[in-house]
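The following note sets out numbered points on the structure shown below. Please read each point alongside the model.

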Amino acid sequence: MTAASSENNVSGLSADIALSMKNVAVERGGRTIWSGADFDVPTGSFTAIIGPNGAGKSTTAGLVLGQIPPSNGTITVLGAPPARGNERIGLVPQNHTLDQAGSIVCRDVVGLGLIGTKWGASIRTRSIAADVDKVLAEVDATRFAYKRFGEVSGGQQQRVTIAQALIINPDMLVLDEPLAGLDLQGQVEIVELVHRINRERGVTVLFVTHDLNPLLAHIDSLIYILDGRPFFGKPDDVVNAGLLTRLYSTPVQVLRTDEGCIFTRTE
Ligand SMILES: Nc1ncnc2c1ncn2[C@@H]1O[C@H](COP(=O)(O)OP(=O)(O)O)[C@@H](O)[C@H]1O
Ligand SMILES: [Mg+2]
């Protein structure tokens, strides 16, 4: 890292680190959800956030987005404390399809990503329209851009919502359970799309999921919430039967095929 990149960083943290947690804990409704988070997530990584339902994955996303304050410790996101409405972070929220007005055409759903941002006032201008078309093409949604959001498939809705998150050109993309409700093929396509965006844009990806399998061939790191504490690790260290069995409180096997593919199976 150069001296310049370190100076550009408000906190003095390395620009190589997208998210830093120092002894962080979080409470909701007066109850500690998890504590003892102490790790750095590298800039440009594709990181899964895994754990069983209720472990605190969405809560972790809420902390990064500045929606939930930590009850202890220090969080640094893209070199600064978390802040609501951070325009350097694109969000694909959990269960978003329920919130979006189904009668709006997909193309306009993407434009909604600019509302409330500094570009919001110019949504109708030519340059914004060109940006929307570009990001629709990037997620392979041009074909159904003028269909109503409520009438396209779950996988297509997810592409549009990813485009909506990308329209602000974020440095970090946070996706909360973006595979929920998709069939296996749809899940694979969304993970491959997010991986391509991660590689091509260099954007740091935090991908919340309760099912690790569709992500195994793509992620370079994981945050896993084990017994009320988040840990950071590499797939080689985390993806083993013992750890995953503890994580999900159910026997998990890790299988490797002759081709080097790896997947997990509950018994
Ligand atoms: N608004 C809230 N107030 C109080 N407790 C909450 C709230 N939202 C979630 N929780 C609790 O926090 C815990 C973690 O929730 P969440 O982060 O949504 O888990 P996950 O996304 O891993 O399924 C759960 O026990 C949940 O019941
Ligand atoms: Mg959740």
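1. Of the contacts in the protein chain with a separation of 6 or more, 65% are accounted for by residues 24 or more positions apart; two residues are in contact if their C-beta atoms, placed from the backbone, lie within 7 Å. This is a predicted model, in which local features need pLDDT of at least 70 and side-chain atom pairs count only at pLDDT 80 or more, while totals for chains, interfaces and linings use all residues. Residues are numbered from 1 along each chain as its sequence is written, and chains are lettered from A and ligands numbered from 1 in the order in which they are written.

2. The protein chain has 8 helices and 11 strands. Helices (H or I, at least four residues) and strands (E, at least two) are DSSP runs, numbered from the N terminus. Of its 267 residues, 37% count as buried. A residue is buried if 20 or more other C-beta atoms, placed from the backbone, lie within 10 Å of its own, exposed if 12 or fewer, and partly exposed in between.

3. The shell around ligand 1 consists of Arg28, Gly29, Ile33, Gly51, Asn53, Gly54, Ala55, Gly56, Lys57, Ser58 and Thr59; a residue is near a molecule if its C-beta atom, placed from the backbone, lies within 6 Å of it. Helix 2 (residues 57-64) contributes the largest share, 3 residues. By class, the shell comprises 2 nonpolar, 7 polar and 2 charged residues. Here Ala, Val, Leu, Ile, Met, Phe, Trp, Tyr, Cys and Pro count as nonpolar, Asp, Glu, Lys and Arg as charged, and the others, Gly among them, as polar.

4. Helix 5 (residues 154-166) packs on helix 6 (residues 184-201) at an angle of about 20°, and their axes are 10 Å apart. Helix 5 is therefore roughly parallel to helix 6. Angles under 35 degrees count as roughly parallel, over 145 as roughly antiparallel, 65 to 115 as roughly perpendicular and the rest as oblique. Axes are lines fitted to C-alpha atoms, for helices over the stretch in contact, and angles run from 0 to 180 degrees between N-to-C directions.

5. On the helix 5 side, the contact is made by Gly154, Gly155, Gln158, Arg159, Ile162 and Leu166, and on the helix 6 side by Gly186, Glu189, Ile190, Leu193 and Ile197. The residues of this contact divide into 5 nonpolar, 4 polar and 2 charged.

6. Leucine 247 lies in helix 8 (residues 241-248). This leucine 247 counts as buried because it has 20 C-beta neighbours inside 10 Å. Residues up to four places away in sequence not counted, leucine 247 touches Gly51, Tyr224 and Leu226.

7. Leucine 212 is placed in the loop between strand 7 (204-208) and strand 8. With 22 C-beta neighbours inside 10 Å, leucine 212 counts as buried. Leaving aside neighbours within four places in sequence, leucine 212 is in contact with Ala48, Ile50 and Thr264.

8. Two backbone values deserve attention. Glutamate 177, in the loop between strand 6 (172-176) and helix 6, has a positive phi of about 50° although it is not a glycine. Aspartate 227, in the loop between strand 8 (221-226) and strand 9 (229-233), has a positive phi near 50° and is likewise a residue other than glycine. Is each of them buried or exposed? Glutamate 177 counts as buried, because it has 21 C-beta neighbours inside 10 Å, whereas aspartate 227, with 11, counts as exposed.
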